[in-house]
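Here is a short briefing on side-chain contacts in one protein model. Keep the structure open as you read.

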Amino acid sequence: MDPRIWSKLPPDVVEHILLLLPLKTLLNLRPTCKAFTSLLFSPSFISKHSSSSPFSSFLLLSHPHCPRHFPLYDSKLCSWRNISISISLSLHFSSSFTLLSSSGGLFFLSDTTSSSFLVCNLFVKSSRKIQFPVRSIQISHLTFLTTPVGYNIVLLSSHSASNTAFVYDSNALSWRRFEGFNSILSDSYHQQGTFFNGGLYFTTPEPFSVVRFDLESGKWERLVGDLPNQLSFVRLVSDGEGKLYLLGGVGNNGISRSIHLWEMGGEGGAFWVLVQSLPQIMCQKFVSVCYHNYDHVYCFWHEGMICVYCFTWPEILYYSVVSTTWHWLPRCPYLPLKSTCAFKWFSFVPKLYASV
């Protein structure tokens, strides 16, 4: 380890070695050497790292039994990790925060006591506090999404006099306000909108339909295509690369007898193409844990997987798009056996350069 030898190592070789390191090791190197810090944040390294990151991706579990720590399931190694992500209170945020979402390597939290949000990248310990667009706002819906150039926060606020949409743009560091939206969405606070083709897509309560909110113009439109028949619940999810999926239960009297996955086809959602059906044994289990209450069924995309879970059940169901197979994720071994309700899952893909 003679520095007279190692100091002569070509920079492109050092860069290649650093690209292969695990994220934790990479971060530990930052304070050890000014040259490493300079290299890690050079345009060349950022470009190569962002396009070919070797880090694992995780499913993150949030539960009241772990209010400040979040167990991680490594979706590449298919196992729970004996580490957890901890949100540090040194990020100038009060202890009353609530984790609302995770997207693009960023965490999105709220603190109603200070009427503010917090967007943070825990790995580089960076954060931004964002005040609510107006004081004493009544939020009926909230979505946090990242894009290739930043992130947006979308709030829908229902008042007796008007319905208003607020959109926060991380590039402009400001809120935009749009008047008027369909108040039928007001009961979907706990379901995030699905970002697809420049807009947010929502499903309405019965009679089910799909509506789109354009993030630039603030205009709303209803998709022209009819949804499949005899739906008992519906959820939307996008792969971020040009496909919009609809997951739904089919049955009668509000009881799902089967669960199917469709893909949107045609201009403006003119029709839906059946992709897969959940095997009957797995369907029976999922329906039984929901107790025919589908308000707390959630669906999201994670690294080639369409994940579905119920607020009241500790396991998560997912569909692998590549292998076209369904699986139950192993129960988290770090939760007490008698843990009940309040299970929330998030897709977490660490990104060193995710900017707040």
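Buried means under 20% relative accessible area, exposed means over 50%, and partly exposed lies in between. With that in hand, Phe-58 and Phe-348 are both buried. The model is predicted. A search of the whole structure finds 21 aromatic pairs, and the structure holds five salt bridges.

**Aromatic pairs**

- Phe-58 and Phe-348 form a stacked pair, with 6.4 Å from centre to centre and 25° between the planes.
- This pair links distant parts of the chain: Phe-58 is in strand S1 (residues 58-62) and Phe-348 is in strand S24 (residues 344-348), 290 residues apart.
- Phe-202 and Trp-220 form a tilted pair, 5.7 Å centre to centre, with 35° between the planes.
- Phe-202 belongs to strand S13 (residues 199-203) and Trp-220 to strand S15 (residues 220-222), so their pair ties together parts 18 residues apart in sequence.
- Phe-202 is buried, at 4% relative accessible area, whereas Trp-220 is partly exposed, at 24%.
- Ring pairs also build a cluster from Phe-108, Phe-117, Phe-132, Phe-144, Tyr-151, Tyr-168 and Trp-175.

**Salt bridges**

- Side chains of opposite charge can pair when their charged atoms come close.
- Arg-81 and Asp-74 form a salt bridge, and their closest N and O atoms are 2.8 Å apart.
- Is Asp-74 buried or exposed? Asp-74 is buried, because its relative accessible area is 0%, under the 20% cut-off.
- Glu-221 and Arg-212 meet in a salt bridge, at 3.5 Å from N to O.
- Glu-221 is partly exposed, at 44% relative accessible area, while Arg-212 counts as buried, at 9%.
- A network of salt bridges links Arg-212, Asp-214 and Glu-221.

**Lys-285 and its partners**

- Which residue does Lys-285 meet in a salt bridge? The partner is Glu-315, at 3.1 Å from N to O.
- This pair links distant parts of the chain, 30 residues apart: Lys-285 is in helix H6 (residues 280-290), and Glu-315 is in the loop between strand S21 (305-310) and strand S22 (316-320).
- Lys-285 is partly exposed, with 29% relative accessible area, but Glu-315 is buried, with 16%.
- The charged end of Lys-285 also sits over the ring of Trp-328, 4.3 Å from the ring centre.

Methods
Residues numbered from 1 in each chain as written. Predicted model: local features only at pLDDT ≥ 70, side-chain atom pairs only at ≥ 80, totals over all residues. Heavy atoms only, no water. Salt bridge = Lys/Arg side-chain N within 4 Å of Asp/Glu carboxyl O. Buried < 20%, exposed > 50% of the residue type's maximum accessible area, 1.4 Å probe, protein only. Helix = DSSP H or I, 4+ residues; strand = E, 2+ residues; numbered from the N terminus. Phe/Tyr/Trp six-rings, centres within 6.5 Å; stacked < 30°, edge-to-face > 60°. Lys NZ or Arg CZ within 6 Å of the ring centre and 35° of its normal.
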